[in-house]
Amino acid sequence: MRINPIVKKDLQVSARSMRLAWGLFGYEAILAIAFLLAMMVIREESRSLYGSGNIYNSMVYLFPVIGISQLCIIALITPIITASSISGEKERQTFDVMLTTAMSPFSIVFGKVTSAVVRIMFYVLGSLPIMALSFIVGGLGWSTLFLYLLTVLLLAVFSGSIGIFCSSICRKSITAVILSFVFYFVVYGMTFLPLLLRFILGYNDAGESLLALLWNPGAFFEEYFMITMTGESLISTEMLRKDDVGAITYWFMERNIWVYVSAGCILVLTILFMLMAAWKVNPMHSSGGRKPGKKKKEN
Amino acid sequence: MLKINDLTKNYGSFTAVNHLSLHIPEGELFGFVGPNGAGKTTTIRIVCGLLKASGGTVEIGGSKAALGTKEMKRMIGYVPDFFGVYDNLKVKEYMDLYGSMYSMNSKEIAKLSDDLLELVNLTDKKEFYVDTLSRGMKQRLCVARALLHNPRLLILDEPNSGLDPRARVEMKELLKNLHSMGKTIIISSHILSELSEMCSSIGIMDHGKLVTAGNMDTIMQGIMGDVSGGKKIHIRISAGMEAAVRMMKEYPNVVVESVRENELIIGYQATDEEISALIGRLIQSQVVLTGFYQEEGNLESLFMQLTGGEEA
Ligand SMILES: Nc1ncnc2c1ncn2[C@@H]1O[C@H](COP(=O)(O)OP(=O)(O)OP(=O)(O)O)[C@@H](O)[C@H]1O
Ligand SMILES: [Mg+2]
C-alpha cells in the first residue's frame, strides 16, 4: 500500500518544527507528574493499615491513573490538530491546489486524520516505559497493554474525526477548534438524552435507554477500565438489578461485550464524521465557493 | 481542447458568469482578459473543479466527464491567482508531495521534477525551503508543480500579479517556451498589452460575458482600423509647440488628443506614407521636433471601449 502523501508531508513538516519537540516534552512532563502523584498515593496506601504492605502489587494502579490521564490529553490534543488541518490549509491558501490534484476528498480527509493519529501515537509510545511498570511489577498481562493501545487508537481516530469535520465546515482554524469541543459535548450529551427522557416520562427503570451510551466514549473507557481492573462490568455489579435495564443492555453487560459493541459504534460514528467532512470538502457539493474578501492586488 | 458551453454561475441573485461559450483548440496560448470582477477567476475555478457551475457544460480534451472527477483533474494543471506554500518543506520535497498526489512513483517524480525545475530555472534552489523563495520563484515553482503530472491543459490565473518587470519577462519567456513545446495554455490577466506579446489567441470578458474572442492577429488588425481617432502618434517637441498644435488642427483627418509641456499626442486616420509626410512637414517648419513614435495597436483603448470604459 502506498503511503498517503499528506501523511508523509505532515510528518516531514512537523518533524522540522519545534512544535513536535515541545509537544512531546509537555506531554511527557504531564505524564511524569501523573506518575509521581500515583506513586505517592500507592506508597501511602501500601503502608497504611488496610494496605497489603506490598508496594509491588499496588503498582497495578499505575495503569488506570496514567492510562486515564493519557486518554484525557489525547482527547484534548487530537481534535486541535485535526481541526486546524483543513482550515489551516485554507488559511495558508494551499487547499485549492490540493483539491485540484488527483487526491479524492476522502483521501485528503483520511490523510489528515491519519497524520494526526500517527503523531499522537508517537506521544503515546513515549509513555510506554512508564506504563510498562504496572505490567512488569503490577501483574497485568501484555494483552491488556495491547488492548489499551487499541483503545487509545480508537479515541484518537474518533476525536480526530470530530476535529476534521469541524475543520471542513469552518474557514478559520480557531473557530474549528472551538466548534469541535462544542461537538464533543453535543455527542456526549446526546447519549444521555434517552435516559433523561425516560425519567421525564415517568419510568423508574432505564429500559434500553442506556444503549445510547454505546456512543459515549466516556462510558466506553469507564467500562473498559472496570473490566480490565476487576473483570466485572460497571453496571452489572450491585449498582443495577436485572429488571432495572432492558434485556439487550443486560445481555451486553453480562457477557462483557459492551466494550466491543461500543467500540464498533464509536468507529461507525468516526467513519460517519469523516465521510461528512469529505462531503463538505468536495467543491461539487456546495454552490458557495470561496467567499469574497480576498487581498487586493497591487498592479 | 477546452469547450465551454453556455456556462453560468450565480451567486445568489448575482450572475458572475453569464452564458459563456468558448472554444480553445489544442496547442493554443489563450489569453483571457477582463477587468476586475469580470468573472475570469470564477470561470477558471469552475473548469478546475473548484466551484460548481449553475449551468452549462465543460468538455476537456474531448472528455465529457463531470468536472472535479479524477479523469478531469488529471488533464489540468492549475496555477491559482493566490496560493500559499508550506513552511519547512524543501523545493524538491514540494515537487515530491504533489507528484505523489497524482500517484506517481518517486523515480518518475525525481526525473520529471529535475527537468521541470531546469525549465523554470530553479535547479539551484532544489534544497531551499519553499517559503524562503521570492514571489517570482514561487510562481515559477507553482508552474513546474502544475506541469508535473503532464496535464494537457495548463491554466494560470493572473500569473503576473505581484511580479516585478524582470520576473514578468521571465514568466513570459517560460510560457512562450511551453507554448512552443505544444502545451495548451490559458492565462488570465486584466492587462491586455501583457498578453498581446505572447498569446496566439485571446478572449475578452466583461460582466460575466465574452465580449470578443479569436485569433490575436485578427483582433489586432481590427484594432488598427477600428479605433476612433485612428493611429495614435506621440510627438516630442522642445520648442514651437503652439505652432505645431495650430498646424495639426488645420491638418485633415488629424485629431489633437492631448497637449503636454513637450509632448503632443494626435490621432491620425492615415496610411504609413501619409504619417511620414506629416512628420516631414513638421520638421520643415520651425518646430523643434526631438522624437516621435506610434503607439502599438492601441489595445488598451479597445479594451476600454469593449468593456464599457470601466477601469481595467
Ligand atoms: N464567493 C462569492 N460570492 C459572491 N460573489 C462572488 C464570489 N466570488 C466571486 N464573486 C463575484 O463574482 C464576480 C466575478 O469575480 P471573479 O473573481 O471571477 O473576477 P475576475 O475576473 O477574476 O476579477 P479579478 O481581475 O479581480 O481577479 C465578482 O463581481 C465577484 O464579486
Ligand atoms: Mg481573478
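**Figure 1. Burial and overall dimensions of chain B.** Of the 312 residues in chain B, 52% are buried, meaning under 20% relative accessible area with a 1.4 Å probe and protein chains only. This is a predicted model, in which local features need pLDDT of at least 70 and side-chain atom pairs count only at pLDDT 80 or more, whereas totals for chains, interfaces and linings use all residues. Residues are numbered from 1 along each chain as its sequence is written, chains are lettered from A and ligands numbered from 1 in the order in which they are written, and side-chain values use heavy atoms, with hydrogens and water left out. The C-alpha trace of chain B spans about 75 × 45 × 30 Å along its principal axes.

**Figure 2. The open sheet of 4 strands in chain B.** With antiparallel pairing, the strands of chain B follow the order β11-β12-β10-β13, where strands are DSSP runs of E with at least two residues, numbered from the N terminus, and two strands pair if DSSP finds at least two bridges between them. At the edges lie β11 (254-259) and β13 (288-294) of chain B, each of which pairs on one side only.

**Figure 3. Bridges between β10 and β13 of chain B.** Strand β10 (residues 231-239) of chain B runs antiparallel to β13(B) and is joined to it by 6 bridges. B:His234 has B:Tyr293 as its bridge partner in β13(B).

**Figure 4. Helix α9 of chain B on the sheet.** Helix α9 (residues 241-250), a DSSP run of H or I with at least four residues, packs on the sheet and touches β10, β11 and β12 (263-268) of chain B, contact meaning heavy atoms within 4.5 Å.

Key: Buried < 20%, exposed > 50% of the residue type's maximum accessible area, 1.4 Å probe, protein only. Axes fitted to C-alpha atoms, helices over the stretch in contact; angles between N-to-C directions.
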